[in-house]
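Dear colleague,

Please find the structure handed over to you below.

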Amino acid sequence: MSESRILAVKIDGKLFDKLDEFVEETKVTKQKYISEILSRELGQWMQQKAEQDKNLDIKHTDGQKVWDKPEVMEAIDDFMLRTGKIPKQTEFKNENGLP
């Protein structure tokens with residue numbers, strides 16, 4: 001188990017009052033409530049980060065580039081600037097710089 005540390009946080013008085021009401025009604029301590037929120041939020045953030053890192057590692061599959069949404073949008077914008085038109089479905093090819 002890791003060591004415990006103290007975190008002092010200044011929060012708005014009204015928010016603090018709501019926190020007092022919440023912990024009194026739910027019979028949980030402020031420490032436990034805040035620790036649970038932080039654990040959940042940080043856990044979700046770490047999971048999202050891991051997914052993003054995983055997606056970055058899978059950029060090429062079977063010789064084909066895997067495009068993410070920002071790359072697709074940028075490629076379409078570039079195509080439109082080069083050609084002056086919106087790409088047709090049949091133009092979505094690597095040779096046109098499109099997925």
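**Salt bridges**

Lys32 and Glu36 lie 4 residues apart in helix H2, so about one helical turn separates them. Their side chains meet in a salt bridge, with 2.9 Å from N to O. A salt bridge here is a side-chain nitrogen of Lys or Arg within 4 Å of a carboxyl oxygen of Asp or Glu. Helices (H or I, at least four residues) and strands (E, at least two) are DSSP runs, numbered from the N terminus.

Before going further, please note that this is a predicted model, in which local features need pLDDT of at least 70 and side-chain atom pairs count only at pLDDT 80 or more, while totals for chains, interfaces and linings use all residues. Residues are numbered from 1 along each chain as its sequence is written, and side-chain values use heavy atoms, with hydrogens and water left out.

Lys32 is partly exposed, with a relative accessible area of 47%, and Glu36 is also partly exposed, at 38%. In these terms, buried means under 20% relative accessible area, exposed means over 50%, and partly exposed lies in between (1.4 Å probe, protein chains only).

How many salt bridges are there by this rule? The count comes to 3.

Lys30 lies in helix H2 and Asp20 in helix H1, so the pair ties together parts that are 10 residues apart in sequence. Lys30 is partly exposed at 28% relative accessibility, and Asp20 is partly exposed at 29%.

The side chains of Lys85 and Glu91 also meet in a salt bridge, at 2.5 Å from N to O. Lys85 counts as partly exposed, with 33% relative accessibility. Is Glu91 buried or exposed? Glu91 counts as buried, because its relative accessibility is 16%.

**The surroundings of Glu91**

Glu91 is placed in the segment after helix H3 (69-83). Leaving aside neighbours within four places in sequence, Glu91 is in contact (heavy atoms within 4.5 Å) with Phe79, Lys85, Ile86, Asn96 and Leu98.

**Patches on the surface**

Patches are made of residues with over 30% relative accessible area and no salt bridge; like charges are joined within 9 Å, and nonpolar side chains (Val, Leu, Ile, Met, Phe, Trp, Tyr) within 5 Å. Accessible areas come from the Shrake-Rupley method with a 1.4 Å probe, and for residues only the protein chains shown count as cover.

Which residues make the nonpolar surface patch of about 980 Å²? The patch consists of Leu7, Val9, Ile11, Leu15, Phe16, Ile34, Leu38, Leu42, Trp45 and Met46. The elements that give two or more residues to this patch are H1 and helix H2 (30-57). H2 provides the largest share, 5 residues. Val9 is found in the segment before H1 and is exposed, with a relative accessible area of 56%.

A patch of negative charge also lies on the surface, where Asp12, Asp17, Glu21, Glu24 and Glu25 gather. The place of a charge is taken as NZ of Lys, CZ of Arg, CG of Asp or CD of Glu. Asp17, one of the patch residues, is found in helix H1 (residues 13-26). Asp17 is partly exposed, with a relative accessible area of 44%.

**A residue with positive phi**

Most residues other than glycine have a negative phi. Lys27 has a phi near 60°, a positive value in a residue other than glycine. Lys27 is placed in the loop between H1 and H2 and counts as exposed, at 70% relative accessibility.

**The chain as a whole**

The protein chain has 3 helices and 2 strands, which follow the pattern α-α-β-β-α along the sequence. Buried residues make up 10% of its 99 residues. Among the contacts with a separation of 6 or more, 14% are between residues 24 or more positions apart. The chain exposes about 9100 Å², of which carbon and sulfur atoms supply 55%.

With kind regards

Definitions and conventions: Lys and Arg count as positive and Asp and Glu as negative; His and the chain ends are not counted.
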